[in-house]
Amino acid sequence: MRNKITNAISDFFFEYETPRQVLVRNRRVGVVCRLIQLGVLAYIIGWVFIYEKGYQSTDTAVSSVFTKMKGVGYTNVEGVEKVWDVADYVFPPQGDASFVVMTNYIITEGQSLGKCPELPGKHNCTSNTDCEGGSFKRTGHGSMTGICDNTTKTCEVLAWCPVEDDHHIPEPPLLMSAENYTLFIKNSVTFPIFGVTRSNLVEGIDAHYISKCLYHPEKSPLCPIFKMGDIISLSGFNFETIAKVGGAIGIVVDWTCNFDLDVRHCKPKYNFHGLYGNPDEKDKARASVGYNFRFARHYFEDKVQKRTLLKVFGIRLDIIVQSLARKFDVIPTLTAIGSGVGIFGVATVVCDLVLLYLLPKRQFYKNMKFKYTDTHGQEPDSEAGSTETETHK
């Protein structure tokens, strides 16, 4: 027993096993094997290394964005002239990565708290019994008082009066001048793994260049100043259509960088996408179109609190930063090579299946590939290295 344990330990440390190889001269199998190996080699070189950049490690950026709008609008509604600047048509005004530019509006001036009838079609009634006092309707403007107004045949409500009438949206949009507004985007990104920080104000983008440039996808692809009309058209929409009822546009700042090259080659690319719907889809086919919200300016008149209500239709702009940086790294390179070498084993498996199960001489190849042993034919005191004998038939 002791000798067996000693021999086993000795064999484990001082012997080396290698698989037996059989050279098969068969054209079909040889061609299949080489084609599979060439396919695997093409996959490793073409897909893993060239397309997927399997020899590089990756990192995504931490980013910061702020924006600034410029431009002045003018309206003349029923003889009332008004000039609109950035403080009037941008919501919110802080220069965030997501904001709204007003392009159309419905204004209700001089509202005060009181009792007034609802709009026709909201809460129609024929008597007071149709107006339950103290109740609310989802589409209503206030709390019903229990009185049916005989003039409008609608329920009276406690609300901001007169109530807003938004049935008719101005057409053409009141602020068509928004097409000429300009947007300045300043974006900074940091790739923490590689320790690289970049700004969209890259080399050559100085104060003099910014003062006269305007973004163009071919002529000025790095200019950070964008005309609203160009943003809308590049996203696939018609400005007048989207300005009437509002919508949402995504501006994607794409940082795809290869830090195996000089850092100066890491520059942003801008893409524009319509987010609120398919521009080819008819508005009537959708249940809710556009983008709008309400905004009120409160004031006091003769010690009475009043407000001016604006239903704002606007273009919501979302600045979206996406990033991916790559750089050579030994670990992913070795991992890609190791996995590729392992895939080469597919050729051996396929060829073995063909040899052992499909070819007419499969029994002959089986006998050449496998050597069978008969453990019962071994003598108990035989040498440890003699492990193979012929099978007795």
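**Ground rules.** I noted that this is a predicted model, where local features need pLDDT of at least 70, side-chain atom pairs count only at pLDDT 80 or more, and totals for chains, interfaces and linings use all residues. Residues are numbered from 1 along each chain as its sequence is written, and side-chain values use heavy atoms, with hydrogens and water left out.

**Helix pair.** I looked up H2 (residues 27-51) and H8 (residues 345-358), whose axes come within 9 Å and cross at roughly 160 degrees. Helices here are DSSP runs of H or I with at least four residues, strands are E runs of at least two, and both are numbered from the N terminus. The axes are lines fitted to C-alpha atoms over the stretch in contact, with angles from 0 to 180 degrees between N-to-C directions. That crossing makes H2 roughly antiparallel to H8, a term for angles over 145 degrees.

Next I listed who touches whom, counting heavy atoms within 4.5 Å as contact. H2 brings Val-29, Val-32, Cys-33, Ile-36 and Gln-37, while H8 brings Val-346, Ala-347, Val-350, Cys-351, Val-354 and Leu-355.

**Disulfides.** How many disulfides does the structure hold? I found five, taking a disulfide as a pair of cysteine sulfur atoms within 2.5 Å. Counting bonded cysteines along the chain, the pattern is 1-6, 2-4, 3-5, 7-8, 9-10.

I looked at Cys-125 and Cys-148, whose sulfur atoms are 2.0 Å apart. Cys-125 sits in the loop between strand S6 (98-117) and strand S7 (143-149) and Cys-148 in S7, so the link ties together parts 23 residues apart in sequence. Both Cys-125 and Cys-148 are buried, that is, under 20% relative accessible area with a 1.4 Å probe, protein chains only.

Then I checked Cys-213 and Cys-223, also joined by a disulfide, S to S 2.0 Å. This link is right-handed, with 70 degrees about the S-S bond. Cys-213 and Cys-223 are buried.

My last pair was Cys-257 and Cys-266, with sulfur atoms 1.9 Å apart. The torsion about their S-S bond is about 55 degrees, so this disulfide is right-handed. Cys-257 and Cys-266 are both buried.

Cys-33 counts as buried at 16% relative accessibility. Cys-351 is in no disulfide either, and counts as buried at 7%.

Methods. Parallel < 35°, antiparallel > 145°, perpendicular 65-115°, else oblique. Buried < 20%, exposed > 50% of the residue type's maximum accessible area, 1.4 Å probe, protein only.
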